[in-house]
Amino acid sequence: MQRPLTAAELRHWAEQYARTDTELADTGAGTAHVIFRVGGERFAVPLADLDEVAQVEVGIGLDHASPLVLGLVNIRGEIVPMLDTAAALGTRASHRLGPQNRSLVIRDTRDRRTALPVDQVESIEPLAPEAFEARGGDDTAALIRRVGIGEHAGGALTLLDVGGLRRAGADACF
């Protein structure tokens with residue numbers, strides 16, 4: 001059973017995240033990335049490209065929207081479109097909202113936000129660009145592109161570019 005965090009717990013976790021960000025920035029080992037899972041695959045996206053990581057448990061489906069659009073969700077009073085992360089990445093996974101899942105929230109150039117549900121956020125870690133082998137051939141107009149592949153923590157890790165989503169926002173899907 002989940003319970004709301006107390007004020008002391010919220011302060012504790014805010015300090016932990018702030019310290020992690022500072023420590024990552026000071027390592028010189030690379031840029032901070034959020035490492036997450038969708039289906040059976042692991043991905044990384046630069047932390048600077050995200051507005052936040054949110055917990056979203058329920059939403060409203062939009063039957064007549066693009067297959068890339070799962071629906072609308074409420075993130076602290078703001079109605080945000082939620083895209084199908086697996087479909088955008090071309091993976092075979094079905095998403096279900098729940099308390100263990102998280103959503104990566106990206107703000108576009110017009111200050112609108114879009115949520116991308118993921119199965120699990122593993123960590124925030126510094127990753128050096130040279131640790132990834134460049135991957136070409138993806139559609140440069142795609143909202144989310146696979147731009148590199150590397151090995152991290154004993155497994156494959158795909159580096160993502162969400163620049164298309166940051167430029168176009170979810171408007172490109174409607």
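These notebook entries record what I looked up in the predicted model shown above.

**Entry 1: ground rules and confidence**

I number residues from 1 along each chain as its sequence is written, and my side-chain values use heavy atoms, with hydrogens and water left out.

I looked up the confidence next, taking pLDDT as the predictor's confidence in each residue, from 0 to 100. The protein chain has a mean pLDDT of 83, and 78% of its residues reach 70 or more. Confidence is lowest in helix α1 (residues 7-27), at a mean of 54, and highest in β2, at 96. Over residues 19-27 the pLDDT is below 50, and this stretch has 7 contacts in the model beyond near neighbours in sequence; a contact here means heavy atoms within 4.5 Å. Where pLDDT is low, the predicted coordinates should not be read in detail.

**Entry 2: the chain as a whole**

I counted 3 helices and 12 strands in the protein chain, both being DSSP runs numbered from the N terminus, with at least four residues of H or I for a helix and at least two of E for a strand. Of the 174 residues in the protein chain, 37% are buried, where buried means under 20% relative accessible area, exposed means over 50% and partly exposed lies in between (1.4 Å probe, protein chains only). Among contacts in the protein chain with a separation of 6 or more, 59% come from residues 24 or more positions apart.

**Entry 3: strands and their pairing**

I followed an open sheet of 6 strands, which has the order β9-β1-β2-β12-β11-β10 and mixed pairing; two strands pair if DSSP finds at least two bridges between them. The edge strands are β9 (120-127) and β10 (133-134), each of which pairs on one side only. Inside this order, β11 (residues 145-152) and β12 run antiparallel and are joined by 7 bridges, and R146 stands opposite L160 in β12.

I then looked at T158, which is found in strand β12 (residues 155-161). Is T158 buried or exposed? T158 counts as buried because its relative accessibility is 6%. Leaving aside neighbours within four places in sequence, T158 is in contact with R42, F43, A44, R146, G148 and I149.

For β5 and β6 I noted antiparallel pairing over 6 bridges, with M82 in β6 as the bridge partner of G71. The hairpin of β5 and β6 has 2 residues between the strands, and R76 there takes a positive phi near 50 degrees.

**Entry 4: salt bridges**

Side chains of opposite charge can pair when their charged atoms come close. I found 12 salt bridges in the structure, each being a side-chain nitrogen of Lys or Arg within 4 Å of a carboxyl oxygen of Asp or Glu.

R76 forms one with E52, the closest N and O atoms being 2.5 Å apart. This pair links distant parts of the chain, as R76 sits in the loop between β5 (69-75) and β6 (78-83) while E52 is in strand β3, 24 residues apart. R76 is exposed, with a relative accessible area of 65%, whereas E52, at 17% relative accessibility, counts as buried.

R107 forms a salt bridge with D51, with 2.8 Å between the closest N and O atoms. That pair also links distant parts of the chain, R107 lying in strand β7 (residues 102-107) and D51 in the loop between β2 (41-46) and β3 (52-54), 56 residues apart. R107 is partly exposed at 28% relative accessibility, and D51 is partly exposed at 32%. R107 also meets D111 in a salt bridge (2.9 Å, N to O).

Which residues are linked in a network of salt bridges? I listed D51, E52, R76, E78, R107, D111 and R113.

**Entry 5: nonpolar cores**

I took a nonpolar core as a set of buried Ala, Val, Leu, Ile, Met, Phe, Trp, Tyr and Cys residues joined through side-chain atoms within 4.5 Å. The largest one has 22 residues, of which F36, V45, L83, L104, L116, L143 and I144 touch the most other members. At least two residues of this core come from each of β1 (31-38), β2, α2 (85-89), β7 and β8 (113-118), and β1 gives the most, with 3 residues.

Apart from this core lies another of 8 residues, among them A54, V56, V73 and V105.

Terms used:
Predicted model: local features only at pLDDT ≥ 70, side-chain atom pairs only at ≥ 80, totals over all residues.
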